[in-house]
Amino acid sequence: MPKRIEELDALRGLMLVWITCTHLPTILSTYVNQPFGFFAATEGFIFLSALFTGRIYFRVAEREGNNAMWWKLWMRTGKLYCYQLLLLAFAFVIAAPIAAHGNRPAVHNLLNFYFAAGRTRAFVDAALMLYRPPLLDILPIYIILLALTPLAIALGERFGWKYVLTGGVTLWLLAQFGFRTFAYHLLTRAFGVQIPLNEMGAFNLWAWQLWWLVGLWLGVRWAKDDLRFDWLKRATIPAATVAAFFLVLRYAQVDGLVTFGKFGLLFDKWDFGIARMIDFTAIAVLAIRFRSLLKPFAIRPLIMLGQASLPVFCVHLLCVFCALTIMGNDPMIRGWKAIVVIAASFSALLLTAKIAANRRPKPGTSPAKARPRTPAVLPTKKVA
């Protein structure tokens with residue numbers, strides 16, 4: 001297998017650092033909340049995860065067959081689901097009693113439905129990924145998208161990616177016009193679900209699936225060595241112009257100089273507005289164009305974090321819950337407590353990445369070599 005591009009691992013590690021700084025209730029969160037325009041670390045993390053997933057598992061399908069791809073992706077999905085259950089257990093068994101018996105409004109507010117519905121119902125609904133508490137709502141989205149990934153890759157290779165992406169764009173457009181609410185009412189009528197819509201997570205799955213599909217498609221093209229960048233020079237000035245425009249607009253909004261009103265949906269994070277896609281794409285074009293300038297920033301700690309992104313992401317959530325517990329009644333952790341919380345959190349992330357690196361098979365000792373291979377069944381000719 002070709003050598004990993006460490007700059008991309010470091011970039012994913014940077015996204016994890018960015019997410020952690022945003023979620024920790026310290027002064028850092030004020031400065032890292034969308035500092036480069038109308039996009040956050042979440043977009044980058046989801047996109048890069050889809051990119052790596054498309055590249056890696058398409059090659060698994062080519063090398064070992066479609067059945068192996070489906071099996072490995074579903075095993076990975078099951079592993080992530082176990083992570084989610086562990087996080088829920090921590091939130092409900094450890095964090096919730098502390099919030100109930102202590103002065104911890106921040107934690108209590110995260111678990112409102114848990115306290116209203118009771119432990120048993122909350123855990124069952126959360127295990128079904130219907131109830132998605134704040135902070136624990138992005139991982140179920142990731143799990144669902146990962147579970148559907150083998151179907152997306154198979155359909156893309158069988159019928160052509162333009163049909164898969166067209167379906168994704170259609171769902172995204174419907175999401176901009178309230179399809180999530182329609183699907184929620186349909187679910188409640190058909191299955192008697194009694195969870196308030198606002199307790200089913202902030203992220204709109206119907207919108208975010210498009211970003212995952214775009215990442216998958218590019219990952220598959222990358223695996224085929226079909227990514228061409230001869231257009232980058234021509235796109236540099238337009239991309240820089242777009243990025244500069246959104247950067248100025250972002251800080252004009254922060255300063256209260258502009259308000260979006262009815263156009264706010266274009267910039268909405270949860271419904272993944274079109275302005276966010278355009279801004280992220282412009283920044284991505286500039287990052288690829290000037291990749292050589294970014295290489296010195298691919299330091300070993302960030303690379304380790306990126307290569308162990310999923311366990312590191314889960315540990316960051318534990319750190320945030322602990323920080324919110326420490327915060328108590330205060331609106332933010334300040335002073336020496338903030339320094340300790342930040343240092344302890346990043347130490348935990350690096351320790352997790354180090355443990356994951358030690359458990360990773362060494363190059364040349366892949367267990368795949370010891371298993372008989374199934375003939376690849378991906379079609380050799382596309383319909384489109």
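Student: Let's start with glutamate 64: is glutamate 64 buried or exposed?

Tutor: Buried, since its relative accessibility is 8%. The rule is that a residue counts as buried under 20% relative accessible area, as exposed over 50%, and as partly exposed in between (1.4 Å probe, protein chains only). Keep in mind that this is a predicted model, in which local features need pLDDT of at least 70 and side-chain atom pairs count only at pLDDT 80 or more, while totals for chains, interfaces and linings use all residues. Residues are numbered from 1 along each chain as its sequence is written, and side-chain values use heavy atoms, with hydrogens and water left out.

Student: Which residue forms a salt bridge with glutamate 64?

Tutor: First the idea: a salt bridge here is a side-chain nitrogen of Lys or Arg within 4 Å of a carboxyl oxygen of Asp or Glu. For glutamate 64 the partner is lysine 72, with the closest N and O atoms 3.0 Å apart. Lysine 72 has a relative accessible area of 22%, so lysine 72 is partly exposed.

Student: How many salt bridges does the count come to?

Tutor: Eight, by that rule. Another one joins the side chains of aspartate 226 and arginine 228, at 2.9 Å from N to O. Aspartate 226 is partly exposed at 26% relative accessibility, and arginine 228 is exposed at 55%. There is also a network: Arg63, Glu64 and Lys72 are joined by salt bridges that share partners.

Student: Where do arginine 121 and aspartate 125 lie?

Tutor: Helices are DSSP runs of H or I with at least four residues, strands are E runs of at least two, and numbering goes from the N terminus. Both of these residues are in helix 7 (residues 119-127), four residues apart, which is about one turn of the helix. Arginine 121 is partly exposed at 31%, whereas aspartate 125 is buried at 11%.

Student: And the rings? How many aromatic pairs are there?

Tutor: Rings of Phe, Tyr and Trp (its six-membered ring) pair if their centres lie within 6.5 Å; planes under 30 degrees apart are stacked, over 60 edge-to-face, and the rest tilted. The count comes to 29 aromatic pairs. Take phenylalanine 38 and phenylalanine 246: they are edge-to-face, 6.4 Å centre to centre with 80° between the planes. That pair links distant parts of the chain, as phenylalanine 38 is in the loop between helix 2 (28-31) and helix 3 (41-64), and phenylalanine 246 is in helix 12 (residues 232-254), 208 residues apart. Phenylalanine 38 and phenylalanine 246 are both buried.

Student: What kind of pair do phenylalanine 45 and phenylalanine 313 make?

Tutor: Stacked, because their ring centres are 5.6 Å apart and their planes are at 15°. Phenylalanine 45 belongs to helix 3 and phenylalanine 313 to helix 16 (residues 309-327), so the pair ties together parts that are 268 residues apart in sequence. Phenylalanine 45 is buried at 5%, and phenylalanine 313 is buried at 6%.

Student: Over which ring does the charged end of arginine 55 sit?

Tutor: A charge sits over a ring if NZ of Lys or CZ of Arg is within 6 Å of the ring centre and within 35 degrees of the ring normal. Arginine 55 has its charged end over the ring of tryptophan 222, 4.0 Å from the centre. Arginine 250 does likewise with phenylalanine 38, 6.0 Å from the ring centre.

Student: One more. What is the phi of glutamine 34?

Tutor: Here's the background: most residues other than glycine have a negative phi. Glutamine 34 has a phi near 55°, a positive value in a residue other than glycine. Glutamine 34 sits in the loop between helix 2 and helix 3 and is buried at 11%. Leucine 135 also has a positive phi, about 80°, without being a glycine. Look for leucine 135 in the loop between helix 7 and helix 8, where leucine 135 is buried at 17%.
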